[in-house]
Amino acid sequence: MIALDASALLAFLLRERGHQRVREILGESCMSTVNFSEVLGCFGRAGQDVVLIAKNLLAMPIELVAFTAEQATIAAGLAQTTRAAGLSLGDRACLALASERRIPAMTADQAWARLHLGIAVETIR
C-alpha cells in the first residue's frame, strides 16, 4: 500500500511526467480525503464539473481515507519541520496518512525527497 499525494494523482490524470509509475500502483494506493479535495479543486478551478469528476475518480481503485483527528495531530506536528520545504496542509495530510499506516507516500514534489521525517517517500519525477 502507498499513500498518494494530490500531485501524484494529478500527474496520472493529466498524463504528466511520472504518470506511468502512478498507474503501476493505483490498485495498491490510498489517499486522504484532504488530497482528494485538492484534486477536485484543481479541476474545479479549471471550470470543470467537480461532481462529475468526483464520480469518475470514485470509480478508480484508490482507497479514500477520511482525515481523522489522529492524522490532523500528526500533520500539525509536521508543520514546523516541513515549513522550510514549503509543504502545505494537503502535503502533510498525505504524510500523516503514510505515517499512521506505516507505508510510503508518493508525490510529484521533489522537496519531499529532502525531508528526513522517518516516512518513506517516493517521488515520481
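**View A. Glutamate 24 and arginine 21, three residues apart in helix H2 (residues 19-25), are separated by about one helical turn.** The model is a predicted one, in which local features need pLDDT of at least 70, side-chain atom pairs count only at pLDDT 80 or more, and totals for chains, interfaces and linings use all residues. Residues are numbered from 1 along each chain as its sequence is written, and side-chain values use heavy atoms, with hydrogens and water left out. Helices (H or I, at least four residues) and strands (E, at least two) are DSSP runs, numbered from the N terminus. The side chains of glutamate 24 and arginine 21 meet in a salt bridge at 3.0 Å, N to O. A salt bridge here is a side-chain nitrogen of Lys or Arg within 4 Å of a carboxyl oxygen of Asp or Glu. Glutamate 24 is exposed, at 55% relative accessible area, whereas arginine 21 is partly exposed, at 28%. These classes are buried (under 20% relative accessible area), exposed (over 50%) and partly exposed (in between), with a 1.4 Å probe and protein chains only.

**View B. A network of salt bridges links Arg21, Glu24 and Glu122.** Arginine 21 also forms a salt bridge with glutamate 122, where the closest N and O atoms are 2.5 Å apart. Arginine 21 belongs to helix H2 and glutamate 122 to strand E5, so this pair ties together parts that are 101 residues apart in sequence. Glutamate 122 is partly exposed, its relative accessible area being 24%. The structure holds four salt bridges.

**View C. Glutamate 63 and arginine 101 meet through their side chains in a salt bridge of 2.8 Å, N to O.** Glutamate 63 sits in strand E3 and arginine 101 in helix H6 (residues 89-101), so the contact ties together parts that are 38 residues apart in sequence. Glutamate 63 is partly exposed, at 33% relative accessible area. Arginine 101 is likewise partly exposed, at 31%.

**View D. Five strands form an open sheet with parallel pairing in the order E3-E2-E1-E4-E5.** Its edge strands, E3 (62-65) and E5 (121-123), each pair on one side only. Neighbouring strands are turned by 35° against each other on average, direction ignored. Two strands pair if DSSP finds at least two bridges between them. Strand E1 (residues 2-4) and strand E4 (residues 105-107) pair in the parallel sense over two bridges.

**View E. Alanine 105, in strand E4, is buried at 0% relative accessibility.** Alanine 3 stands opposite alanine 105. Leaving aside neighbours within four places in sequence, alanine 105 is in contact with Ile2, Ala3, Cys94, Leu95, Ala98, Trp112, Ala120, Val121 and Glu122. Contact means heavy atoms within 4.5 Å. Aspartate 91 lies 14 residues from alanine 105 in sequence and 9.9 Å from it in space, C-alpha to C-alpha.

**View F. Helix H3 (residues 33-45) lies across E1, strand E2 (29-32) and E3, running at about 80° to E2.** Axes are lines fitted to C-alpha atoms, for helices over the stretch in contact, and angles run from 0 to 180 degrees between N-to-C directions. The buried residues of H3 are Val34, Asn35, Phe36, Val39, Leu40 and Phe43. These buried residues pack against E1, H1, E2, H4, E3 and H6. At 1.5 Å a residue, the 13 residues of H3 should span 18 Å, which agrees with the 18 Å between its end C-alpha atoms; the expected span is 1.5 Å times one less than the number of residues.

**View G. The largest nonpolar core has 24 residues, of which Leu4, Val22, Val39 and Met106 have the most contacts inside it.** Such a core is a set of buried Ala, Val, Leu, Ile, Met, Phe, Trp, Tyr and Cys residues joined through side-chain atoms within 4.5 Å. E1, helix H1 (6-13), H2, H3 and helix H4 (50-58) are the elements that give two or more residues to this core. Its largest share, six residues, comes from H1. Apart from this core lies another, of 14 residues, among them Leu78, Leu95, Leu97 and Ile103. Beyond its neighbours within four places in sequence, leucine 4 is in contact with residues including Val22, Ile25, Leu26, Ile62, Cys94 and Met106. In soluble globular proteins, nonpolar side chains tend to be buried together.
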